[in-house]
Amino acid sequence: MIVVLLVVGLGVVGLVHWYVWRRMVRDVSRAGGWYRRVGTGLAVVLPVVSVAALVGGRALPLAAERWLAWPGYLWLAVLLYLVLALLVGELVRPLLRRWVRRPAGQPVPEPVAVTVGGPVAVAAEDEAPPVVAASRRLFVARAVAVAAGGVAAGVVGNGAYGVLRGPRLKQVTVPLARLPRAAHGYRIAVVSDIHLGPILGRSHTRRIVDTINGAQPDLVAIVGDLVDGSVPDLGPAAEPLAGLRSRDGSFFVTGNHEYFSGAAPWVEFVRELGVHPLENARTELPYFDLAGVNDIAGTAEGHGPDYARALGDRDRSRASVLLAHQPVTIHDSVHWGVDLQLSGHTHGGQLWPGNYVAALANPTVAGLDRYGDTQLYVTRGAGAWGPPVRVGAPSDITIVTLASRQA
């Protein structure tokens with residue numbers, strides 16, 4: 001089955017690249033010209049580099065992975081919007097052909113006799129000599145290709161700038177019925193999906209820490225997917241987390257990507273940085289209980305989420321806030337009487353129209369929702385997986401302000 005899926009996947013990749021090559025290279029260039037040769041070469045090399053970037057993290061050292069990640073991942077983002085723009089171009093192409101065939105104000109020509117190798121034929125009113133028709137087709141093909149390339153480059157460039165600039169602060173107020181009056185206005189900095197790896201590194205972590213510290217929260221919650229790699233490779237990139245400052249400390253739960261990289265070493269590493277891991281555990285803060293569960297991905301290793309351990313013996317009269325990486329666990333939180341679940345994982349879809357795909361697998365893609373007596377807040381995350389690009393889903397660090405209904 002895996003082999004069949006692999007073959008189908010490679011076939012789709014090949015078909016998509018053939019379509020892009022046809023519209024962006026073959027249809028707009030002369031056979032044997034430099035543009036045709038370079039474009040054909042890139043149509044072969046870029047998909048190979050992209051596939052290598054996707055699988056290289058499991059087999060290559062980080063330094064080598066960086067050389068593949070930048071061009072490989074960026075091309076995947078460009079490819080997405082190039083294909084979407086070209087598909088729109090397919091709808092526009094007939095209109096452009098009609099427009100260039102009859103310039104404004106030009107009368108419709110009468111049928112004329114044309115000799116074609118002997119017999120006399122009458123040309124249709126829209127028909128042009130072969131050289132003129134070919135020139136018009138070339139003009140339309142080039143216009144569509146230039147427009148599609150410009151749109152893809154502009155969208156991806158702006159999306160990459162948004163990621164590399166760093167996440168912006170977002171403010172959300174969440175009222176909790178059981179929160180005491182004294183805790184009204186308590187502020188939690190929620191950050192998820194930082195995804196340190198071959199592209200986002202130490203400087204990205206430092207920007208996040210500076211942004212959080214500038215907000216002066218009461219507590220920091222790191223809700224999984226901190227890294228895409230091992231502690232020896234990415235430990236230095238995560239070290240600025242030691243500089244996080246808040247009144248009640250910083251807390252961490254695992255995401256699915258920690259289990260791809262080795263969750264146990266990362267749990268110990270963040271502990272050494274002064275960040276408190278909540279491995280199916282709870283801490284009783286002065287005004288509410290803060291709990292955390294392991295990610296679902298840990299189930300295969302016998303370290304999945306355990307709500308009984310995290311919440312089973314708590315005082316139900318106190319408000320509770322749960323850190324859980326994936327929003328799909330919300331129904332367990334409802335069962336255990338959690339007041340507020342803080343999650344990430346979805347990236348808000350990261351690349352439009354990925355938000356529609358993410359909605360198929362997650363109850364909430366981004367923002368605040370209510371499920372029974374439990375509220376769920378999903379942050380879009382502070383980094384990016386794969387392409388360092390976000391379109392329609394800007395990265396964020398959310399300051400969740402808890403409000404008491406008794407205030």
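Leu42 counts as partly exposed, because its relative accessibility is 43%, a value in between the cut-offs of 20% for buried and 50% for exposed. The model described here is predicted.

Leu42 is located in helix H2, which covers residues 34–56. Together with Trp34, Tyr35 and Val38, Leu42 forms a nonpolar patch on the surface. The accessible area of these residues together is about 430 Å².

A second residue, Asn362, is placed in the loop between helix H11 (354–361) and strand E12. Asn362 is buried because its relative accessible area, 11%, is under 20%. A polar atom of the Asn362 side chain lies 3.0 Å from the backbone oxygen of Ala358.

The two residues can be set side by side.

| Residue | Relative accessible area | Class |
|---|---|---|
| Leu42 | 43% | partly exposed |
| Asn362 | 11% | buried |

Strand E12 (residues 367–371) is joined by five bridges to strand E13 (residues 374–378), and the two strands run antiparallel. E12 and E13 form a hairpin with two residues between the strands, where Gly372 takes a positive phi near 60°.

In an unreviewed entry, UniProt assigns the feature "domain: Calcineurin-like phosphoesterase" to residues 187–348. This span, residues 187–348, is 30% helix and 22% strand, and its end C-alpha atoms lie 22 Å apart.

Notes:
Residues numbered from 1 in each chain as written. Predicted model: local features only at pLDDT ≥ 70, side-chain atom pairs only at ≥ 80, totals over all residues. Heavy atoms only, no water. Patch = residues over 30% accessible without salt bridge, like charges linked within 9 Å, V, L, I, M, F, W, Y side chains within 5 Å. Areas by Shrake-Rupley, 256 points an atom, 1.4 Å probe, with all protein chains shown as cover. Salt bridge = Lys/Arg side-chain N within 4 Å of Asp/Glu carboxyl O. Helix = DSSP H or I, 4+ residues; strand = E, 2+ residues; numbered from the N terminus. Buried < 20%, exposed > 50% of the residue type's maximum accessible area, 1.4 Å probe, protein only. UniProt positions renumbered as here; feature names shortened; annotations may be inferred. Pairing = 2+ DSSP bridges. Polar contact = N/O pair within 3.5 Å; in protein donor to acceptor, adjacent residues only side chain to side chain.
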